[in-house]
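Dear colleague,

I am handing over the structure that you will be reading about, and below it I have written out what was found in it. Please keep it open beside this email as you go.

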Amino acid sequence: MDAFRFYQITLQKLSEQAQAHGVRDLSRYYELTDYHDGSFLNNLEGKAQVFAQIAFHAQNATMISNIVKFEINFAFLETALCHFDPDLFLQTFCTGSRDEAISQITEALRYNESTGIGLKWNSGKSKEKNKDSIIKRYSNTLIDAAQYVSTFESREAFLEDLLQHYEKANYVQVIEYFRSKITHGFSVALTCDFLKEFDPHFSDLPKPDIHIKDTLCALLDREKGYYSGEKKEFEIIKTMRSIVEEINTNLSPDERITVYKLDRMIWLICSDNFYLDASGNSKETYLRALRREQR
């Protein structure tokens with residue numbers, strides 16, 4: 001199957017699913033959705049916005065998202081994590097050893113029976129040395145992120161630094177650079193996930209997740225599991241770029257797509273999660289709006 005036929009099938013399948021969900025406008029899924037209307041990020045600025053966005057993507061690591069539930073628990077997280085001010089976060093939690101900082105952050109995030117707020121996780125069945133291991137892993141990532149972001153004066157300076165390490169022909173460099181700064185919790189896939197949502201300059205860095213892996217295996221007649229490992233995940237980026245380039249040779253200039261768009265089309269089909277149109281978090285969105293009015 002050639003790339004354009006693949007695109008036609010993908011487009012048709014996505015249209016059918018969107019229609020079934022009552023979604024009329026797919027175009028807003030093809031822009032940076034972290035900043036969609038009503039996003040918590042739009043209430044933050046500068047370095048706090050960067051820190052919060054990294055923390056948001058970090059929750060997508062294995063087993064963390066069901067604990068953190070970032071958007072639902074945003075009000076609590078904003079307070080517990082020093083309003084995402086990386087400098088204040090470090091001053092609050094990182095004055096002693098790394099282990100002490102992790103313990104303090106873990107306790108700050110833990111559900112409080114008296115107040116009824118906080119994050120819930122079950123560590124009762126774990127061995128003593130492994131208790132709270134998931135949230136401690138997340139705390140490690142938060143420390144890395146705060147230390148990294150605090151070295152810059154602004155969001156613009158943070159972006160400029162990333163761009164100095166990014167060449168389209170050498171996309172591995174910026175991914176490895178980011179992971180050298182945040183050494184806990186960020187795989188190749190999560191790094192691409194953050195970068196492509198952070199700024200349009202990185203829109204040609206698809207997230208090599210299970211959906212794209214399975215799709216490319218089917219498209220290119222690969223055995224399941226072919227794209228396992230970091231080396232193959234970097235190969236996915238090159239392959240997705242080549243596919244989009246071939247698709248665009250068959251489209252008029254105003255119809256041409258980006259790697260970001262194809263990535264999102266595949267994700268929407270495979271996850272069947274039209275999250276910008278879902279109402280699952282409507283209660284928290286409503287309560288958050290009320291809380292803001294009280295400030």
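The structure holds 25 aromatic pairs, where rings of Phe, Tyr and Trp (its six-membered ring) pair if their centres lie within 6.5 Å, and planes under 30 degrees apart count as stacked, over 60 as edge-to-face and the rest as tilted. One of these pairs is F74 with F84, which is stacked because the ring centres are 5.9 Å apart and the planes stand at 15°. This pair links distant parts of the chain, since F74 belongs to helix α4 (residues 74–80) while F84, 10 residues apart from it, lies in the loop between α4 and α5 (86–93); helices here are DSSP runs of H or I with at least four residues, numbered from the N terminus.

This is a predicted model, in which local features need pLDDT of at least 70 and side-chain atom pairs count only at pLDDT 80 or more, whereas totals for chains, interfaces and linings use all residues. Residues are numbered from 1 along each chain as its sequence is written, and side-chain values use heavy atoms, with hydrogens and water left out.

F74 is buried at 3% relative accessibility, and F84 is buried at 0% (buried means under 20% relative accessible area, exposed over 50%, partly exposed in between, with a 1.4 Å probe and protein chains only). Ring pairs also join F74 and F84 into a cluster with F40, F51, F56, F70, F89 and F93.

Elsewhere, D193 is placed in helix α10 (residues 188–198) and is buried, with a relative accessible area of 9%.

Best wishes

Terms used: Helices (H or I, at least four residues) and strands (E, at least two) are DSSP runs, numbered from the N terminus.
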